[in-house]
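Dear colleague,

My notes on what was found follow it.

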Amino acid sequence: MLRSVASGLSGRVRKYVRDMRTLPGDARLAWRLEGPPGVWREIAARSFYRVFRSGRFLVVEQELADVARRPPPPGVSIRRLDELELPVLATIVTARTLERFGDHLADGGICLVAWRGNRPVGYTWISRRMVGEADALQLPLPADACYGWGLYVIPGERRGGVGTALVSARLAAGREEGFRTSWRAIRVDNRPSIRTLEKTAARGTSVLGEMSYVKVLARFHTRYRQREADAPRGGE
């Protein structure tokens, strides 16, 4: 038991040391991309959010059979990320996040990247389970559903159709992988993502419910309110 406790503490110490080591470079990149709000997020993720964090999301399901492809804007292409290309994303992804991207790829996740020439300008992800903040709820996905998450577009390319094209490509990739539906958790205050959902929604798109969580230190308090008319099928 003592050995297990010591191992856990050692893992936390390594995590904190890595966080502090990567903070200066990540803060510089966040400033260049997002300004003061980006720097705050990098600091908060390593400090305040370790003590307290909360979130409220809409859980959305989209059927993949009738998804229409939305092409990217001129000069932009979208393709799946190869693990060897991960270092190229360092121009738009912090070192802390890039390490997690490697873990997600190893876990079978699919990352779709938008490129303008040979320069990455955005990305999004498909996984077989909920990840990120939504993972706190531990809501099991149906066997025929994938989870779409992590949509990001650099500021200079926003409102130009890149985000919509990435989501469209993500839904198409989910269909190609054999999934019937795609789930997504959207923060209720994330207006850009809600606008993107409205642009890519088709028949078979529905809000399954609303979930929220409060994290205090290592304890999570979660709640999921299911909409009766759109009750999700049980996961496996």
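In these notes, contact means that heavy atoms lie within 4.5 Å of each other. The model itself is predicted.

Overall organisation

The secondary structure of the chain amounts to six helices and eight strands. Along the sequence these elements come in the pattern α-α-α-β-β-α-β-β-β-α-β-α-β-β. The chain has 236 residues, of which 43% are buried. Among contacts between residues at least 6 apart in sequence, 71% join residues at least 24 apart.

The sheet and the helices on it

The eight strands form an open sheet of mixed pairing, in the order β2-β3-β4-β5-β6-β1-β7-β8. Its edges are β2 (residues 76–80) and β8 (residues 219–226), each of which pairs on one side only. Neighbouring strands are turned against each other by 25° on average, direction ignored.

Two helices deserve mention here. Helix α4 (residues 95–106) packs on the sheet and touches β3 (110–116), β4 (119–127) and β5 (145–153). The direction of α4 makes about 45° with that of β4. Helix α5 (residues 162–176) lies across β1 (52–63), β2, β3, β4, β5 and β6 (181–187). Relative to β5, helix α5 runs at about 160°.

At the other end of the strand order, β7 (residues 205–216) and β8 run antiparallel and are joined by eight bridges. Among the partners, G209 is bridged to Q226 of β8, and E210 is bridged to R225 of β8. The hairpin of β7 and β8 has two residues between the strands, and L217 takes a positive phi near 55° there.

Most residues other than glycine have a negative phi. L217 sits in the loop between β7 and β8 and counts as exposed because its relative accessibility is 54%, where the cut-off for exposed is over 50%. R159 likewise is not a glycine and has a positive phi of about 65°. R159 belongs to the loop between β5 and α5, and its relative accessibility of 79% places it among the exposed residues.

Nonpolar cores

The largest nonpolar core has 37 residues, and L81, L89, F101, Y123, Y147 and W183 touch the most other members. Strand β5 gives the most to this core, with five residues. Leaving aside residues up to four places away in sequence, F101 touches L86, L89, V93, Y123 and W125. Another core lies apart from the largest one; it has 11 residues, including L64, I110, L112 and F179.

Individual positions

H104 lies in helix α4. Which residues does H104 touch, not counting residues up to four places away in sequence? They are G109, W125, V131 and W149. H104 counts as buried because its relative accessibility is 18%, and buried means under 20%.

G38 is placed in helix α2 (residues 36–46). With a relative accessible area of 4%, G38 is also buried. Its C-alpha atom is 9.4 Å from that of R28, a residue 10 positions apart from G38 in sequence.

P71, in contrast, is exposed, with a relative accessible area of 64%. P71 is found in the loop between β1 and β2. The C-alpha atoms of P71 and S168 are separated by 8.1 Å, although these residues are 97 apart along the chain.

The second largest pocket

Rolling a probe the size of a water molecule over the atoms shows where empty space is left. The second largest pocket holds about 150 Å³ of space. Its lining consists of R69, R70, P72, I78, R79, R80, L112, A165, A169, A172, A173 and E176. Strand β2 and helix α5 each supply at least two of the lining residues. Helix α5 gives the most, with five residues.

With kind regards

Technical notes:
Residues numbered from 1 in each chain as written. Predicted model: local features only at pLDDT ≥ 70, side-chain atom pairs only at ≥ 80, totals over all residues. Heavy atoms only, no water. Pairing = 2+ DSSP bridges. Helix = DSSP H or I, 4+ residues; strand = E, 2+ residues; numbered from the N terminus. Axes fitted to C-alpha atoms, helices over the stretch in contact; angles between N-to-C directions. Buried < 20%, exposed > 50% of the residue type's maximum accessible area, 1.4 Å probe, protein only. Core = buried A, V, L, I, M, F, W, Y, C linked by side-chain atoms within 4.5 Å. 1 Å grid on protein atoms, 1.4 Å probe; cavity = no way out; pocket = protein on both sides within 12 Å on 5 of 7 lines; lining within 4 Å. Points joined across faces, edges and corners; volume = space filled by probe spheres on them.
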